[in-house]
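Q: I have a sequence and its three-dimensional structure open beside each other, and I would like to learn how to read the features one after another. Could you take me through them slowly?

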Amino acid sequence: MSRILQLSLRHINSVTKYPNQATNELLKNCARANSNKTRTNSDDLFQEFTDWETLNKKKTVSKAMKAYLERAREHDDFMKKQEFEFTVGKRHLANMMGEDPETFTQKDVDRAIEYLFPSGIYDPAARPLMKPPEEVFPARKAAEFDEAGRPHHFLFYTGRPNFFKLLYDASEHIQNIYKFEDKVIRKKAIPDPNAKLELTSSVWYSKEELEQHLVENITELEYENFKLVMERLVSLPYSYRSKEFIEKVRKPIASQKFALEIPKPSYDEEGREYITTYECLRKKARGDVTIRSPGSGKITINGKDITYFADTQSREQVTFPLLFTGMEDRVDVECNIEGGGPSGQAGAIRWGIAWGLRSFVDKSMIDSMQVAGLLTRDPRKRERKKPGQPGARKKPTWKRR
Amino acid sequence: MRNSLYVFHKLCVNITPGRWPSLLLQNRLYAKYFPDFFQNPIFRKEDQAKLIENNELSKYTTVPVLPPSASETSMHFDPLVNKVINHIMKDGNKKLARSLLEKAFENVKRKQIERYHLAKTPEQKAKIELDPKNILHKAVENSKPMLQLLPIKRGGITYQVPGPITEHRSLFLAIKWLLEATTEKERTVHFPEQFAWEIMDAANNTGKVVKRKQDLHRLCEANRAYAHYRWQ
Amino acid sequence: MLSRNLRIACRRYSQSVTTFRTSEISPAQQNSNQIGLFYTLDNDLCKQLYGHGGLPKCFLKQTKTFTETTFMIRQPALEIIECIKATDFNKPAIRYVLHGEEGTGKSMTIAHLLHYAHQEGFLIIHVPWVSNWLRRVSRYKEMANSLTKEGFVDIPLDAAAWLLHFKTQNQHLLKSGELKVSKDYEWSKREKTPAGSTLLELIEHGIVRVKYACDVVDTLLHEVKLLSNTKQCKTFVAIDGYNGFFNPLTNLHTPTKKKVAPEEVTLTASFLELTKNDWTNGVMLLSTDAIAHPEYEQESYLPKYLLYRKGFDHIDPFVPIEVSNYTEKEFMTCASYYRDRLWLRGSPDIEKELKITSAHNPYRFMELCAPL
């Protein structure tokens, strides 16, 4: 039993070590190999750029290629070993947990690790984990040069061939669209408004995601350039012609789920429907809002009516969702709120009323409220003061000496 | 290296004036809470009705939307009025700024209603604009400059070179001039009173601010000879 | 189902209120059917009654913009009119105390009742705002030690101004010359008011010889009391912001920088003497207002809190009358009146919002309409 634990622990240790550090050394060299991931575009480039004649003349293998092959073999061995350790460790873990090793899935592994090694570390990435090695060790590039040492890729010497190829392609697309646009203008046609690209439901890859996609590390500036170029491409009237290219570097936004979980109102002693929204938060204010239907538009805030708020803006905020839905004289509202100032309290009540009203209005009105932003919670908080400067962002006054 | 330069060159060639993407103009920015893909809220009744008419409402429902800010939640919200309030505001005291503008509106309204009652014929009465908000809109529209002067240094001499102005900057200048004209007052006159006069003057295409705009235009016209320094 | 129908009917009714004026311009004839409706005042009468104060400043502005003076007929005023009609004037004068939150219309109720009193031929003793004397202190406020009362302070200019106000308000009664002074008053070696001279002469003396204005006020109030007791006139006393007399301190300073208490001012003493119920044939209408209270924020707007113990004891048997916010109907007529006067414009949605944000408060509603 102790041996098993040791083994699994060792495995965990090896994995929780910073994987990037171990692999970075390998990454520094330009020749990389990975058995489980090969890039397709380099395959056809291989055909284009390899000088077969010279290759046939000298059958010698370059030093770089040799070194690369050596490293690839080492890596393969390493991965195989990791794979083996992982499968064995998984079986041990299953036994420890008293489950069937054959049907022990990754989900079970995660649960078991969380149970056996409970961790309160804030950053989830720093907690112990046990994942298949291909997930832990980043994918690596295949050989980028032939046996004679000549690179396959025409942008090899930029250092980031895939990234610059992406920009290159993007600008090519832009050129093509311009050409097409000119052609259309000559024909005196106008762009079809229905064919416009629908971009609201997806976003550009973040820097990390793009790096993963390209298998290359890029700088912040390069990522900015990428976004600039892609935004320009998208802004063109005929950008829908490059739809496939654009969608390759975008990911969809997770759709909103709130519409599905509308709670059913319960009944109070008087037989009125009511619903209570707890945890209405905004800035430092927190409270709960109860909505009763049918009502006469009575608003109670901490036992007072709307005169609880002295300023007009706060009163307007509280009434806004009621007026927006047209429910101002059909429901009663009761709020308990504490903490924060008037603006924060009014904001919290506004969200609470809008959230509670979902149970009393129809589907189309909920959609309207969503588009009006009433159902979005505002999580902004006062930004903390930083040491060494007088405020959150403010820097000390500059002095020569 | 050559290749990367080539790519860069290719990008540069594509930049033609007038083809700048409008998406680059950011309208609202939050530090970290709301990522870029959050849409601006559409909360005014008339805008919503338009959406429903065009059947575009369902398109926005799947997208996360920013919550409307506290100053926007009113049945009679107006973006320009909000902007002017923010220009008046000092040290984040929005309550005071808003009350000042509202008092100015009240003064405008009182004067216009008085004029309305003094007018004899119904045609004259119909001509009088009673809505202070419309008067503000008109005033800002009338005081927006169309050209600006940019200092450009050529051969050690700074030339004032006329050029076109962006919509954003011209709006900024219009509001700024209106407020500057208002603060140039005697100490006994209160801000709302003076501001009411200024916007009523500007709405009539008279007054200090409109004159300032015309002066700028005249200067631009006079400096027409330097215009080529903008690109040379 | 029935209640729902009723509610819909109510709403339809409340929205379709288009009649907001009544032609009944005599307050004595107004009845509860006209609650919430506006009646128009004659301009000359306005000048006579409220020319030297009596209407709130913001309301004066409104009258200028609307080019007319209109009052809304409201429950508290009607209630008091009913009470006055039913009063036996042989009994000691009854004190009515108006109270209510800020901006609900206490001063407007007093103004409405002044109109009633004027029509019914009362002799009006009206103090527009007590704090004007005791708390609003301009830099050159005239102050003097009293000549007749030891340890008291005079504010002669204010007293003279008030005498003028009294004279204009009661010019019809005073001109007839039936109201006479009961005994000799000697102001100085050369100046005296003999018994049998009219009240008007007494007042004129106070206005011309400002030095004696405070003493004249004291005498005048004393004489009016006597006259009422002898049924020569019936008196209507209206004091707005009455609790100002009972604040711990005034904003007045003696030359030695000592703060003056309200009871050390001669005018206070005279009016407190007047508001005792030791005389008959009169009506006293007092209002307590949170604005006249020295604290920045008040715990309550009720008379017991605002008048302090001594004030409450001073006027003890009194009839409290609450002036409350607009009812639904009053709000709707007011809104349609504002729309008629172009004060409120825009879509009908705005009224719904204003109704909630103003919390039916008349003053707040008027203010919120201003920038629209």
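A: Let us start with the idea of a contact, which exists between two residues if their C-beta atoms, placed from the backbone, lie within 7 Å. In chain B, residues 24 or more positions apart account for 63% of the contacts with a separation of 6 or more. Please keep in mind that this is a predicted model, in which local features need pLDDT of at least 70 and side-chain atom pairs count only at pLDDT 80 or more, while totals for chains, interfaces and linings use all residues. Residues are numbered from 1 along each chain as its sequence is written, and chains are lettered from A and ligands numbered from 1 in the order in which they are written.

Q: Which helices and strands does chain B have, and in what pattern?

A: Helices (H or I, at least four residues) and strands (E, at least two) are DSSP runs, numbered from the N terminus. Chain B has 10 helices and two strands, and along the sequence they follow the pattern α-α-α-α-α-α-α-β-β-α-α-α. UniProt, in an unreviewed entry, places the feature "domain: Small ribosomal subunit protein uS7" at residues 73-224 of chain B; UniProt positions are given in the numbering used here, feature names are shortened, and annotations may be inferred rather than shown by experiment. Over residues 73-224 the chain is 64% helix and 11% strand, with its end C-alpha atoms 46 Å apart.

Q: How many residues of chain B are buried, as a percentage?

A: A residue is buried if 20 or more other C-beta atoms lie within 10 Å of its own, exposed if 12 or fewer, and partly exposed in between, with the C-beta atoms placed from the backbone. Of the 232 residues in chain B, 22% are buried.

Q: What can I learn from helix α9 of chain B?

A: The expected span of a helix is 1.5 Å times one less than its number of residues. Helix α9(B), residues 191-203, has 13 residues and reaches 18 Å from its first C-alpha to its last, close to the 18 Å expected. Its buried residues include B:F195, B:W197 and B:I199, and what covers the buried residues of α9(B) includes α5 (94-118), α7 (132-142), α8 (167-183) and α10 (208-222) of chain B. After the helix comes B:N205, which has a positive phi near 65 degrees.

Q: Which residues have the most contacts inside the largest nonpolar core?

A: A nonpolar core is a set of buried Ala, Val, Leu, Ile, Met, Phe, Trp, Tyr and Cys residues joined through C-beta atoms within 7 Å. The largest one has 114 residues, and those with the most contacts inside it are B:I199 and C:L285. Apart from it lies another core, of 37 residues, among them A:F324 and A:L357. If residues up to four places away in sequence are not counted, B:I199 touches B:V108, B:I135, B:L136, B:A139 and B:L178.

Q: Why is helix α10 of chain C described as largely enclosed?

A: Because 12 of its 17 residues are buried, α10(C) is largely enclosed by the rest of the structure. Among these buried residues are C:A213, C:V217 and C:L227. The helix covers residues 213-229 and reaches 24 Å from its first C-alpha to its last, close to the 24 Å expected, and just after it C:K231 takes a positive phi of about 60 degrees.

Q: With which strands does β3 of chain C pair?

A: Two strands pair if DSSP finds at least two bridges between them. Strand β3(C), residues 94-99, pairs in the parallel sense with β10(C), residues 282-287, over five bridges, and four bridges join β3(C) to β11(C), residues 319-322, which also runs parallel to it. C:V97 stands opposite C:L286 in β10(C) and has C:P320 as its bridge partner in β11(C). Strand β3(C) is mostly covered, with five of its six residues buried.

Q: How many residues of chain B and chain A take part in their contact?

A: The contact takes 37 residues from chain B and 38 residues from chain A. Helix α1(B) gives the most to the chain B side, with six residues.
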